[in-house]
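Subject: Handing over a structure

Dear colleague,

I am passing on the structure below, and after it you will find an account of what turned up when I went through it. Please read the two side by side.

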Amino acid sequence: MLALTTVAATLTIDTESSRQNLSNTIRYVGSEQNTLPGEIASIPDEQWQSAPGEINFGYTRQPHWFRFTLRNTSTRKLERLVELKYPLLDYVDFYRLTDGGEPELINSTGDHRPFSSRMFKHKHFIFRVEVPANESRTFLLRTQTGGALQLPLTLWEESAFNDESRFALILESIFYGIMLIMAIFNVLLYFSFREKAYLYYVLVAVATTLFVMALEGSAFQYLLPRYPMLNEFLFLMLLPTSLFTLCLFAREYLDLKHQHPRWNRLFEIFLWACGAAFLLSLMLPYHLSTRITISLAVPIAISNLVLGLSLWHNKKKSARLFAVAWIALLVSLLATIFNKAGFIPPSFLSRHGIPISNALLVLMFSFALIDRFYREHKALDKERRTALDALRQQQEAEAALVHASVHNEVTGLPNRSLFEKALDAISYRSENDTSAVFLLHLQRFDDVNKTLGHMHADELLRQFAHRMDSVILASPVVSPLERTGDKPCAVAHIEGVTFAFALSGDSHDRLLREAALLTEQLAEPIEFMGLSLELQFIVGSSVVSPDNSDPQTLLRQAFIAFDQRSGNSMPIATYRPEMNPYSPQRLTLMTELRYAINHAGLELYFQPQIHLKSQRVSGFEALIRWNHPERGFIPPDEFIPVAEKTGLIKPLTRWVVNQALTFCSELDKRGCDAKVSVNISAVNLREPGFSETICNLLSDQRVAAQRLVLEVTETAAMVDPVMSLGVLKALQRARVRLSIDDFGTGHSSLAYIRKLPVNEIKIDRSFVMEMDTNPDDATIVRTTINMCHDLGYDVVAEGVENDATQSLLSQLGCDYIQGYHVARPMSTRDALHWLDTSDWETSSRKSAPTR
């Protein structure tokens with residue numbers, strides 16, 4: 001018996017530690033079956049005993065009471081979890097001593113009670129405790145079991161415990177998953193080869209896995225949570241069942257019946273003994289049944305080990321892995337038995353040896369079966385391989401001829417002929433898919449030829465081509481052209497220094513964003529001959545449609561697109577009919593647009609923006625509309641590029657700004673000082689005197705400069721960074737507000753954007769519209785908001801279409817929202833009427849938040 005002590009069993013809670021060991025502070029006392037908690041609480045301190053280390057009493061049926069005290073020296077109440085990490089206890093009652101000294105029952109549980117009785121749905125016993133600031137709390141724990149009594153107690157901070165539990169669950173899932181996969185795999189092998197060894201292996205895997213689940217407490221939690229007695233019987237029956245299946249497997253795998261009859265007779269005795277132990281487990285008490293079965297397990301394990309080592313010594317290769325598996329199992333089995341009996345203290349091996357050795361045993365047995373199968377079929381495989389090698393050589397020779405006819409000789413990539421065939425297949429895709437062809441053309445590659453020579457230039461081109469192929473293949477929307485060897489190919493070498501690839505997805509906008517990301521990666525320098533070379537290129541694309549699916553036409557359109565790339569604000573030029581310099585429609589549209597600008601053929605619509613915190617209207621975005629008298633509505637993305645190409649963007653922008661400022665004056669008449677946002681083009685940023693033009697318009701309309709917000713896309717600002725920065729700074733000095741539009745979709749440098757004198761960032765609608773159902777979009781939006789706030793920018797979220805998205809943005813700290821959930825774009829009259837009647841504007845007069 002341990003020496004008595006009067007030292008208080010108190011543990012000071014460490015607020016800096018996520019877990020603390022309680023075992024060294026526990027004091028205990030034995031009791032009678034019917035001893036009441038109040039009687040235990042009145043036992044003097046000197047009668048309580050303390051244990052130097054984790055408690056392990058071996059097999060005992062006597063109830064034991066344990067006591068420990070938690071001290072909180074902090075200035076706040078602390079909550080902790082107490083984990084009893086030993087699931088095989090019949091009864092566990094957890095009490096807290098009240099101020100009057102009376103025990104208050106917190107939880108009664110144990111594996112003789114339904115799993116629902118547990119405070120936490122966990123395979124271990126978990127109790128929540130609270131200790132007020134600068135106080136102590138004493139707790140009592142009553143345990144009783146028919147097996148080994150162990151008490152590994154740990155004090156946890158709850159979040160750390162949850163993390164640890166999730167990690168443990170992952171490991172368990174991996175373990176049970178491996179066992180299940182191995183069992184299923186060998187079931188298939190059994191039905192394929194009809195060899196009993198595979199069937200017995202499956203029985204071993206199933207029985208031992210279920211035994212581990214029962215031993216670890218997982219069986220009670222997941223299989224029989226409402227039937228504690230069935231769970232106990234399951235545990236008692238699984239150990240002899242596991243031993244029985246192990247003996248069956250050994251007899252069949254080592255062919256004892258024919259090769260080693262003496263050993264076979266011994267194993268027949270073991271089989272009968274396991275059957276008897278199984279029957280006794282249904283009749284005998286728990287402590288007797290487990291002792292009998294464990295007493296049987298030791299000679300079976302030793303016999304299997306001796307048999308395996310003996311056969312291994314006699315050069316029988318099939319016994320090597322068999323012996324290794326039994327060495328691991330025997331060591332862990334003995335460690336577990338001695339620990340349960342109380343002869344050795346708990347350790348990692350005694351706690352986890354059985355699951356680990358069981359997994360190793362099952363894996364070793366599986367490897368052993370595979371090894372035997374391999375050796376038995378080695379001769380047949382060799383013969384088959386010889387025939388296959390001859391056939392493969394013939395096929396490779398034929399394939400080499402075909403490959404050379406459809407691949408570029410320099411890069412080895414598919415040539416134009418193969419790419420056109422692949423486009424034919426792409427054109428037959430589902431109607432729900434959108435496909436696009438992209439052409440990438442290297443610029444000034446002749447300089448490389450002249451500098452490095454043709455041989456080195458070809459090698460550089462080859463390296464770039466294969467890097468491009470690897471980058472494109474990594475895209476989730478790539479349309480592979482063919483499979484070359486073990487790897488698909490996505491890029492075709494069309495001619496000279498021009499390459500092509502195809503992408504398919506749910507929308508053209510997504511394909512353009514993905515292509516922009518890919519080209520950004522391709523723009524990184526390539527290391528070649530000790531040089532860091534930046535290969536410049538232009539990219540054009542064309543969209544596959546039912547009316548536009550001819551491969552040659554698609555390639556021609558993509559050529560036209562990148563030929564018109566110069567001065568385009570987008571990173572990738574997409575073919576539109578108006579790009580074709582020989583298109584009469586383009587000339588007509590240009591003439592009609594000029595007429596519409598000069599003769600009131602255009603109209604501005606306004607979409608409100610709401611300040612989330614105050615729920616007030618803070619501004620309107622001006623959106624241009626063109627309702628053609630003959631063609632009907634013409635979308636801006638159709639005529640804006642024409643305006644940029646022909647110079648009409650300059651008068652068009654002046655008209656839009658002037659109309660927006662007129663709308664500001666109308667707002668003033670209604671007592672609303674909301675701002676108006678206008679989109680400007682990259683061409684405007686290169687326009688001489690643009691900032692002076694804006695200032696003159698503000699002066700003519702007598703509108704304060706702060707009321708005007710000019711929006712520019714991040715890509716437009718990158719077309720001519722130096723000039724753009726100068727124009728934007730001039731506008732800033734004039735106190736005009738500046739905004740980065742469609743943030744996140746362009747091809748730009750954050751370091752450069754940080755230098756721009758902007759006031760706000762508008763998150764592109766593609767990230768906002770589905771953020772309430774798409775965790776990835778929500779993460780992007782949250783990160784963008786936090787980053788912009790850290791940099792001192794206001795944040796506007798476009799594309800808000802429901803209340804859930806608005807609420808989520810509010811929680812994330814977004815400043816302003818815009819979208820159909822607030823209002824659709826409206827004409828001037830409708831916008832003013834909406835302003836007068838909308839609930840958003842009931843208290844917004846002359847009080848819209850400043851941005």
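Leaving aside its neighbours within four places in sequence, which residues is Arg80 in contact with? They are Ile13, Asp14, Thr15, Ser17, Phe127, Arg128, Val129, Leu155, Trp156 and Glu157. Please keep in mind throughout that this is a predicted model. Arg80 belongs to strand S7, which covers residues 78-84, and although Arg80 is buried, it has no salt bridge, the nearest side chain of opposite charge being that of Glu157, 5.5 Å away.

As for the protein overall, it has 27 helices and 31 strands, and 51% of its 851 residues count as buried. Among the contacts with a separation of 6 or more, 71% are accounted for by residues 24 or more positions apart. The accessible surface comes to about 40,200 Å², and 55% of that belongs to carbon and sulfur atoms.

The count of salt bridges comes to 25. One of them joins the side chains of Asp93 and Arg113, at 2.9 Å from N to O. Asp93 lies in strand S8 (residues 91-97) and Arg113 in the loop between strand S9 (103-109) and strand S10 (125-131), so this pair ties together parts that are 20 residues apart in sequence. Asp93 counts as buried, at 5% relative accessibility, whereas Arg113 is partly exposed, at 21%.

Another salt bridge, at 2.4 Å from N to O, is formed by Asp163 and Arg166, which both lie in helix H2 (residues 158-193), three residues apart, or about one turn of the helix. There is also a network of salt bridges that links Glu621, Glu711, Lys762 and Glu798.

Finally, Tyr227, Met229, Leu230, Phe233, Leu279, Leu282 and Met283 form a nonpolar patch on the surface, whose accessible area together is about 690 Å². Helix H5 (residues 228-253) gives the largest share of this patch, three residues, while Leu279 has its place in helix H7 (residues 261-281).

With best wishes

Note on methods:
Residues are numbered from 1 along each chain as its sequence is written. This is a predicted model: local features need pLDDT of at least 70, side-chain atom pairs count only at pLDDT 80 or more; totals for chains, interfaces and linings use all residues. Side-chain values use heavy atoms; hydrogens and water are left out. Patches are made of residues with over 30% relative accessible area and no salt bridge: like charges are joined within 9 Å, nonpolar side chains (Val, Leu, Ile, Met, Phe, Trp, Tyr) within 5 Å. Accessible areas come from the Shrake-Rupley method with a 1.4 Å probe; for residues, only the protein chains shown count as cover. A salt bridge is a side-chain nitrogen of Lys or Arg within 4 Å of a carboxyl oxygen of Asp or Glu. Helices (H or I, at least four residues) and strands (E, at least two) are DSSP runs, numbered from the N terminus. Buried means under 20% relative accessible area, exposed over 50%, partly exposed in between (1.4 Å probe, protein chains only). Contact means heavy atoms within 4.5 Å. Lys and Arg count as positive and Asp and Glu as negative; His and the chain ends are not counted.
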